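The following paragraphs are intended as a guided reading of the structure shown below. Please keep the sequence and the coordinates at hand while following the text.

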Amino acid sequence: MTVDPYRLRRDFPPLRDGRLVYFDNACMALRPQAVIDAVTAYYTEYPACGERSLHRLGRRVDEEVSLAREAARRFLHARRVEEIVFTQNTTHAINLVAHSFPFAPGDVVVTSDQEHNSNLLPWQQLSRHGVEHRAVPFGDLEALGAALTPAVKLVSMVMTSNLDGASIDARRTVEVVHEAGLPILLDAAQAAPHRELDVRSLDVDYLACSGHKMLGPSGTGLLYGKQDALARLRPTLVGGGTVEESTLQGATYREGPERFEAGLQNYAGIVGLRHAIEYLERVGREAIHAHEQRLTRQLQAGLEQLPNVTIFGPAAERRGGITSFAFTGIDVHDVCLLLDESAGIAVRSGRHCVHSWFNAHGVEGTVRASLYLYNTEEEVTAFLGALAKVHGVLA
Amino acid sequence: MLCFLGLLVLTILALFSARYQPLAREAFDCVFRRVTLRKCTTGLDKRLKARVTGRLVAVHPGAARFLHRHLETLAWLFVLLVVGSTANLGYGFYNYYRYGSCNGSTGTGFCVLDPSGTHSRDSGLVTAHRGETVRPGDGGNPALGPAGARLTIIEFGSYTCPSTRASEPVVREIVRRHADEVRLVFRHFPLDGLDTLRAGVAIGCEDSSSETPRRAAAPAAAPDDHAGATRAAIAADCAGAQGRFWEYHQRLATAPDAIVTCGGLIELARGLGVDEAAFARCLVDSTMLEHVRRDFEDGVKAGIDRTPTFFIDGSPMVAPSPEELGEAVDRALGGHRP
């Protein structure tokens with residue numbers, strides 16, 4: 001199966017007039033009309049509460065949420081829908097685990113040294129409770145194995161770095177962690193939208209991803225947890241929808257994922273997320289990955305022709321759709337702004353919420369071009385042409 | 001400096017739309033940081049620079065390169081221009097308040113605050129006096145009030161000047177109020193006078209039967225509105241030669257329109273008990289012209305370029321309001337109004 005971006009582009013309203021070159025997909029993907037229509041349908045046809053109201057609108061919401069949870073289960077190849085928790089995004093999902101995991105003072109959490117703030121700060125916050133955070137070099141399984149001392153209680157790793165598109169060997173990483181008898185959480189924010197993910201095959205304990213990076217609405221995300229792994233978590237954000245029963249003295253919490261979904265949910269987003277998942281399923285994530293790699297090779301080859309450029313991360317063959325680069329002596333924000341103003345090209349500049357890596361390596365920032373299923377070779381060519389002009393202006 | 005410019009523009013935009021308020025706050029933060037010698041970290045300056053130069057990148061990379069590199073310098077220049085023009089605007093407001101014209105005491109250009117020019121107290125004359133000013137005396141002119149008065153007010157005026165004409169009842173009232181203490185001397189500063197008097201040209205009443213049109217007699221370089229001012233001054237002196245200066249002066253000053261034609265001036269003298277034939281002859285008497293010239297030149301030496309200018313206790317006041325004039329007289333008399 002191959003991706004036909006020219007056909008797909010017709011589904012994405014911002015791309016229809018051909019004036020936008022959108023290369024900021026690692027931050028936020030565009031949404032197809034089907035997702036927009038699904039969100040609109042919620043507000044126009046059944047804008048009601050889920051799991052509470054017995055009227056027909058409420059029942060319709062319950063049905064749609066069930067369909068969305070089933071779609072998410074299918075998307076991640078989870079065993080049961082009970083293993084799928086709806087969250088606001090990856091950050092929310094990781095925080096949910098961080099603050100619900102039964103840590104004790106003296107416990108240690110291990111991450112890589114190239115983590116998004118969302119997979120760094122929650123663990124640093126736990127120092128208030130005596131939990132220590134340690135970092136090992138990104139992708140270094142030997143260092144990871146050596147770091148798994150008895151004090152370590154959880155490993156949390158990014159699967160694909162949002163900084164440079166490099167991916168860890170997720171399967172081997174899970175194996176190393178499990179060999180030490182520890183659970184592992186994978187941050188799949190940049191992986192799930194672009195590659196086929198099979199949580200059963202990976203045998204991962206927890207996995208987090210965002211809806212808005214995979215064609216879904218903003219404010220949607222998923223936390224996968226093996227049933228026993230979820231059972232270990234103690235809900236910290238509680239309220240309506242999380243309990244079976246409550247008295248003035250206490251409450252009986254639900255067994256399913258709903259105990260982590262406090263309050264009324266983002267039903268419109270959840271419904272839209274289902275349609276995003278179905279869209280990706282129709283296109284095929286492995287086809288998307290192959291398409292992105294082809295474009296990334298073209299992009300990287302073009303970048304290498306420009307003077308004084310540094311490309312961060314591995315070779316094109318070993319990365320997904322994310323390419324980070326910088327020019328010596330040129331401010332990355334100037335590049336980003338001029339690409340936008342001069343050619344309507346949207347890229348990201350700065351530290352991409354991985355400040356810790358930039359500070360550790362003494363790098364000011366990078367320009368990040370991140371591709372997705374609707375990007376084309378012509379867009380990459382246009383990007384390289386515009387970039388050469390911008391470089392000429394700024395050099 | 002880009003942020004400073006941004007602050008100016010965005011603050012104005014933010015007054016009309018909340019959309020621009022965050023940007024205005026960013027600009028303020030940026031400017032505040034710069035003023036406190038810290039680096040601007042908002043990135044607003046970069047965004048503004050990109051917005052300005054971005055469009056040029058595709059069509060004229062060379063120009064884009066130049067603009068991107070030197071935009072800060074250009075912004076400095078622009079800010080200096082803004083500061084300069086703001087200061088100039090303030091000066092214009094000051095001039096309008098002080099002289100009734102944005103252009104000050106000697107400017108004659110268009111004033112946006114007073115397009116019709118009706119409020120201008122500007123004579124339009126440039127006397128080009130150089131050197132130290134000389135405090136003027138009474139020039140032997142007719143005086144109103146006791147010879148031994150404590151205070152002598154010397155007024156330089158022109159009968160074609162609306163402000164001079166408007167001040168006449170005010171001055172007369174002050175003299176009446178301080179009848180024992182104030183003496184008024186009126187000296188001529190005809191606003192068409194510079195060229196007329198210096199050239200020694202005929203004033204146009206040689207054939208007193210002709211009605212010289214008011215504007216036709218204007219000297220080439222003199223302000224048209226004041227054509228005939230010298231003729232009116234001579235007429236006042238001619239009335240004075242027959243002991244009727246102040247009566248004639250009052251008539252000239254209070255006539256609904258400035259009277260400057262020979263026929264009009266002769267007509268105005270009727271009923272004052274003057275010898276009309278002698279009055280008409282006097283109008284072409286070069287002695288009278290010499291007297292007016294002397295007044296005018298004393299005025300120039302005193303630094304005058306607009307009327308009315310009052311010297312009260314030696315201090316000049318240009319076209320003061322009635323209140324200002326009254327207060328100045330009270331101050332000079334060292335006491336309160338009776």
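In this predicted model, strand β15(A) is covered on both of its faces. T366(A), R368(A) and S370(A) lie on one side, V367(A) and A369(A) lie on the other, and every one of these residues is buried. In a regular strand the side chains alternate between the two faces of the sheet. The strand spans residues 366-370 of chain A, and five of its five residues are buried.

The pairing of this strand may be considered next. Strands of a sheet pair through backbone hydrogen bonds, in either a parallel or an antiparallel sense. Strand β12 of chain A, residues 322-327, runs antiparallel to β15(A) and is joined to it by four bridges. Within β15(A), the residue opposite T323(A) is A369(A). Strand β14 of chain A, residues 348-350, also pairs with β15(A) in the antiparallel sense, here over three bridges. R348(A) stands opposite R368(A) of β15(A).

Strand β2 of chain B, residues 151-157, runs antiparallel to strand β4 of chain B, residues 309-312, and four bridges join them. I154(B) has F311(B) as its bridge partner in β4(B).

Attention now turns to the aromatic side chains. Over all chains, a search of the whole structure finds 22 aromatic pairs. One of them is formed by F101(A) and F103(A), whose ring centres are 4.7 Å apart and whose planes meet at 45 degrees, so the pair is tilted. Both F101(A) and F103(A) are buried. In chain B, the ring centres of F28(B) and F32(B) lie 6.2 Å apart, and the pair is stacked because the planes are at 15 degrees. F28(B) and F32(B) belong to helix α2 of chain B, residues 21-35, and because they are four residues apart there, about one helical turn separates them. F32(B) counts as partly exposed because its relative accessibility is 43%.

Aromatic residues also take part in other arrangements. F12(A), Y279(A), Y372(A) and Y374(A) form one aromatic cluster. The ring of F75(A) has the charged end of R285(A) sitting over it, 3.6 Å from the ring centre. On chain B, F66(B), L74(B), W76(B), L77(B) and L80(B) make a nonpolar surface patch of about 520 Å².

In one of them, R9(A) is joined to E379(A), with the closest N and O atoms 2.9 Å apart. R9(A) lies in the loop between α1 (5-8) and β1 (21-22) of chain A, whereas E379(A) lies in helix α14 of chain A, residues 377-394, so the pair ties together parts that are 370 residues apart in sequence. R9(A) counts as buried because its relative accessibility is 12%, and E379(A) is buried with a relative accessible area of 5%.

A second salt bridge links E45(A) with R60(A), the closest N and O atoms being 3.6 Å apart. E45(A) is in helix α2 of chain A, residues 33-45, and R60(A) is in helix α3 of chain A, residues 56-76; the two residues are 15 residues apart. E45(A) is partly exposed at 47% relative accessibility, and R60(A) is partly exposed with a relative accessible area of 29%.

The closest N and O atoms of K46(B) and D334(A) are 3.5 Å apart. K46(B) is partly exposed, with a relative accessible area of 22%, whereas D334(A) is buried, with a relative accessible area of 10%. Finally, salt bridges that share partners join E45(A), R60(A), E64(A), R274(A) and E278(A) into one network.

Notes. Residues numbered from 1 in each chain as written. Chains lettered and ligands numbered in written order. Predicted model: local features only at pLDDT ≥ 70, side-chain atom pairs only at ≥ 80, totals over all residues. Heavy atoms only, no water. Buried < 20%, exposed > 50% of the residue type's maximum accessible area, 1.4 Å probe, protein only. Pairing = 2+ DSSP bridges. Phe/Tyr/Trp six-rings, centres within 6.5 Å; stacked < 30°, edge-to-face > 60°. Lys NZ or Arg CZ within 6 Å of the ring centre and 35° of its normal. Patch = residues over 30% accessible without salt bridge, like charges linked within 9 Å, V, L, I, M, F, W, Y side chains within 5 Å. Areas by Shrake-Rupley, 256 points an atom, 1.4 Å probe, with all protein chains shown as cover. Salt bridge = Lys/Arg side-chain N within 4 Å of Asp/Glu carboxyl O.
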